[in-house]
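Me: I have a structure open here and would like to go through it piece by piece. Can we start with how the parts are arranged?

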Amino acid sequence: MSVPVAAALLLIAVLGHAMAFIWCLAARHEWKLSRRTIYALSFKHDQTRRELRNSLHLPMHAAILLAFLSVGFFANRDPLSFVYSLFLTATWAEIWHYASHRAFHLRALHWIHVEHHKSQVNSPFTAISFSLMEKLVFDLGLLGLLAGIDCFVSLNFFGVAVWYVGYLAINSFAHANFELKSKHYLRFLGRMFTSTTYHSLHHARYTSNYGLGTRVLDRIFGTEWQDYERVYDRLFSEQGPLTRLRQRIDDPSAKPLVSRSLDTAQLGNPFDVSREGGTQ
């Protein structure tokens, strides 16, 4: 194994935890970037301990990638293969994340995802808190298809690895309880890409906004919260953060565009937010 490959695998293994601790420091020391709070609610008393316990198997994505690499996959190293490998990984990851994430909200499969959803208000460590099975499903589904493509079109390990680095960063941003983007973000990049607020609504309300880095599939399938942009704008106004988990902004019809057949209609909500003052 070359030094660059080993360094990339090591970075992928530790980056999730490293970023979580950076956000922890940002919140504790009130860095400027952490001051735009999304939910003015406290965490459950045992949340941090539970999330850290769940994070112990997080580096498995580096081990799984190493296993594929060890049997000969992703061996191409030319610059062009890096570009198309990165593009294919990013595209498939967005599709696979949306499909698997939405499927995890079915009653029959929710046991896979339930551990992650115990965190209704995100902490710095929510981004690294997943069940072992959820990590296996996501990583094997992601890398399995890429390995299949690699049998016909040789893919580049570093293209896949760079996507993982970006994913770990985006996933960490998405689970902070403070908005990092600017006031004008929704006018340009935010029309297509998600934000911390976007995923915070998914955790607090328990459904919809399933996308990883983009809003594309949520819009296509009608699973985006209609008041998302109003919530985002509120954070930059005098009204400030939300104070209840299921709080909607202004429009009483603000709800997903389609029937929530994959959500609480079939699943029920095993975490009744009314016990924590979450209902309006």
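Me: How are H4 and H7 set to each other: parallel, antiparallel, perpendicular or oblique?
Reply: H4 and H7 are oblique to each other. This is a predicted model, and in it the axes of helix H4 (residues 79–103) and helix H7 (residues 157–174) cross at roughly 45°.

Me: Within what distance do the axes of H4 and H7 come?
Reply: They come within 7 Å.

Me: Is that crossing left-handed or right-handed?
Reply: The crossing of H4 and H7 is right-handed.

Me: And which residues meet there, H4 against H7?
Reply: From H4 there are Phe82, Ser85, Leu86, Thr89, Ala90 and Ala93. On the side of H7 they meet Phe158, Gly159, Val160, Val162 and Trp163. By type, the residues of this contact divide into eight nonpolar, three polar and no charged.

Me: Stepping back, how many helices and strands does the protein chain have?
Reply: The chain has eleven helices and zero strands. Read from the N terminus, the order is α-α-α-α-α-α-α-α-α-α-α.

Me: What percentage of the residues count as buried?
Reply: The figure is 51% of the 280 residues in the protein chain.

Me: What about contacts between residues 24 or more positions apart?
Reply: Taking the contacts with a separation of 6 or more, residues 24 or more positions apart account for 76% of them.

Me: Back to H4 for a moment. Is His101 buried or exposed?
Reply: His101, which sits in helix H4, is buried, because its relative accessibility is 5% and the cut-off for buried is under 20%.

Me: What does His101 touch, leaving out residues up to four places away in sequence?
Reply: His101 touches Trp96, His113, His117, His199, His202 and Tyr210.

Me: New topic. Where is Ser55?
Reply: Ser55 is in the loop between helix H2 (47–54) and helix H3 (60–70).

Me: Is Ser55 buried or exposed?
Reply: Ser55 is buried, at a relative accessible area of 1%.

Me: What is Ser55 in contact with, apart from its neighbours within four places in sequence?
Reply: Ser55 is in contact with His17 and Ile128. A polar atom of the Ser55 side chain also lies 2.7 Å from the backbone oxygen of Leu52.

Me: How far is Ser55 from Phe125, in sequence and in space?
Reply: Ser55 and Phe125 are 70 residues apart in sequence, and their C-alpha atoms are 8.2 Å apart.

Me: What about phi of Ser208?
Reply: Ser208 is placed in the loop between H8 and H9, and its phi is positive too, near 60°, again in a residue other than glycine.

Me: Are Tyr206 and Ser208 buried or exposed?
Reply: Tyr206 is buried, with a relative accessible area of 0%. Ser208 counts as buried, at 0% relative accessibility.

Notes
Residues numbered from 1 in each chain as written. Predicted model: local features only at pLDDT ≥ 70, side-chain atom pairs only at ≥ 80, totals over all residues. Heavy atoms only, no water. Helix = DSSP H or I, 4+ residues; strand = E, 2+ residues; numbered from the N terminus. Buried < 20%, exposed > 50% of the residue type's maximum accessible area, 1.4 Å probe, protein only. Contact = heavy atoms within 4.5 Å. Polar contact = N/O pair within 3.5 Å; in protein donor to acceptor, adjacent residues only side chain to side chain. Axes fitted to C-alpha atoms, helices over the stretch in contact; angles between N-to-C directions. Parallel < 35°, antiparallel > 145°, perpendicular 65-115°, else oblique. Left-handed = near helix turned anticlockwise from the far one by under 90°. Nonpolar A, V, L, I, M, F, W, Y, C, P; charged D, E, K, R; others polar.
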